[in-house]
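Me: I would like to get to know this protein by asking about it step by step. Could you go through it with me?

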Amino acid sequence: MNYPSHIPLLQIFNTVNLTTMDLVYWLAVLIPLVMMPIVLPMVVLMARRKRLTDNPNARKAQNRPVPVMGGTVIMLVICVTSVIINIFYDMGNLFPVVCVMTILYIFGMLDDIIGLSWQFKFCLQVLVIMLLFFGCNYGVHTFYGLFGIETMPLWADCLVTLFSGLLFLNAVNFADGIDGLASGIGLLAGLVMGYWNYRHDYETQAILSFIMVGVLFTFFIFNVFSKRYKMYMGDSGSLVLGLFIFLMACPEPAMVGAREFLADNYIVSFLTALLSAIIFDLLRVATARVLEGKSPFHPDRTHLHHILVDVGLSHLLATLWIIFGNLIVLGIWYLTASMGMNANLQFLVVILTAVAVFWGKYYHIVYLREHKPKRYSRLAARCRLASNRADKFSNLITRIIDGGPRQIIKHSIE
């Protein structure tokens, strides 16, 4: 392809054998990677000056105020990236999606600043999902033959889409409790779904996936390792991220009705495995709260990541443990799919694996804490030792991000 002659910088691509879509995919990743380190520190400084911070309390893990405008950075980079990509690829079909995403961002920002009731946020999420369903044709539409279900009547499609959308939005929101967890799970989902959509030529979904990879990689690094530029996503960021994951999980609207659309009955179990860490933690926590007579949105410290941190793991190691558990479930999915296992049986195997990994670890630690205090103390000591060793590595990255190479040399001399 010959790229536009009126943009001299793009002439270098005429010497490289890149298709238009290859260039679009690269831009979707590279533009956020370049923009995020520039924009994020500026927003952190502004948030501190205006005191737009998340302050410590008994339920939260931080011990000092942290800026909570990650959603602003994420939304800004998404919009700029989309405009630049539009030079090469018509992004007009994503305009309604960006509008709906902006609605979520605005109300998420209001929740971060002044606080909104969970009832209002729940109704807002329902409205957003229905706008996407009826206005943009984003929905579940089919189980791909799982349990013998292919296409569904409109009312059933609407209900299943609503349930799935609420599940993804709130699962990401619930996961945003320790440094790096929500962005780490989102990064894993973006990488896997980006490859999946790329291989199946689902262009729109692949672009969304790769944009998310570029945004979340840098956000993860700053959120986990930086002290000077640390920033939380807040509800504005977690809701936008949850919507991104929901959109990637939906079949591309242009493919709905095509014959190949119903070809892979493993995809439902694939999505369940890919997002198992946040889905099954949400289901356990919400169910426990309802059984106790509380709202499923009632805040507490019963998430798996809270239990892992309480036993002595650092935020980084707790996040890596959960992501590793997610990879185990995803690996079981891949193994069973390679074996040609019946799709219904495979779905059951994925669910049982996720329950064993995430619920099993949670109840194992709780059991030790309540009934085997000596074993719990030994486990806590090992976790603290592992965290102290990991801190040496993370402190090096912190000095690179916050102080630069000169500070590393100065620290070494001292």
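**A first look inside**

Reply: Happy to! Of the 414 residues in the protein chain, 53% count as buried. Please keep in mind that this is a predicted model.

Me: How many helices and strands does the protein chain have?

Reply: Both kinds of secondary structure occur in the protein chain. The count comes to 15 helices and 2 strands.

Me: Are helices H9 and H13 roughly parallel or roughly antiparallel?

Reply: Helix H9 covers residues 267-274 and helix H13 covers residues 343-371, and their axes are 9 Å apart. The two helices pack at an angle of about 10°. Angles under 35 degrees count as roughly parallel. Therefore H9 and H13 are roughly parallel.

Me: Which residues make that contact, and how do they divide by class?

Reply: H9 brings Val268, Ser269, Thr272 and Ala273, while H13 brings Gln346, Phe347 and Val350. By class, the residues of this contact are 4 nonpolar, 3 polar and no charged.

Me: How many cavities of 30 Å³ or more are found, and what is the volume of the largest?

Reply: Rolling a probe the size of a water molecule over the atoms shows where empty space is left. A search of the whole structure finds 4 cavities of 30 Å³ or more. The largest cavity has a volume of about 90 Å³.

Me: Which helices each supply at least two residues of the lining of the largest cavity?

Reply: The lining includes Ala171, Phe174, Ala277, Asp281, His305 and Phe358. By class, the lining has 9 nonpolar, 2 polar and 1 charged residues. The helices that each supply at least two of the lining residues are H5 (154-175), H10 (276-291) and H11 (304-310).

Me: Which helix gives the largest share of the lining of the second largest cavity?

Reply: The second largest cavity holds about 60 Å³ of space. Its lining is made of Ile74, Ile78, Ile211, Met212, Val215, Leu216, Val240, Leu241 and Phe244. Helices H2 (70-85), H7 (203-225) and H8 (234-249) are the elements that give two or more residues to this lining. The largest share, 4 residues, comes from H7.

Me: How many nonpolar, polar and charged residues are in the lining of the second largest cavity?

Reply: Let's go through the classes in turn. The lining of the second largest cavity has no charged residues, no polar residues and 9 nonpolar ones.

Me: Is serine 236 buried or exposed?

Reply: Serine 236 sits in helix H8. Leaving out residues up to four places away in sequence, serine 236 touches Gly71, Thr72, Tyr105, Gly108, Met109 and Asp112. Buried means under 20% relative accessible area. Serine 236 has a value of 0%, so serine 236 is buried.

Me: What distance separates the C-alpha atoms of leucine 124 and leucine 104?

Reply: Leucine 124 belongs to helix H4 (residues 118-136), and leucine 124 is buried, with a relative accessible area of 8%. Setting aside neighbours within four places in sequence, leucine 124 is in contact with Ile103, Leu104 and Phe107. Leucine 104 is 20 residues from leucine 124 along the chain, and their C-alpha atoms are separated by 7.8 Å.

Methods: Residues are numbered from 1 along each chain as its sequence is written. This is a predicted model: local features need pLDDT of at least 70, side-chain atom pairs count only at pLDDT 80 or more; totals for chains, interfaces and linings use all residues. Side-chain values use heavy atoms; hydrogens and water are left out. Axes are lines fitted to C-alpha atoms, for helices over the stretch in contact, and angles run from 0 to 180 degrees between N-to-C directions. Angles under 35 degrees count as roughly parallel, over 145 as roughly antiparallel, 65 to 115 as roughly perpendicular and the rest as oblique. Contact means heavy atoms within 4.5 Å. Ala, Val, Leu, Ile, Met, Phe, Trp, Tyr, Cys and Pro count as nonpolar, Asp, Glu, Lys and Arg as charged, and the others, Gly among them, as polar. On a 1 Å grid over the protein atoms alone, a cavity is a set of points where a 1.4 Å probe fits but cannot get out, and a pocket is an open set with protein on both sides within 12 Å along at least five of seven lines; lining residues have an atom within 4 Å of a point. Grid points are joined across faces, edges and corners, and a volume is the space filled by probe spheres set on the points. Buried means under 20% relative accessible area, exposed over 50%, partly exposed in between (1.4 Å probe, protein chains only).
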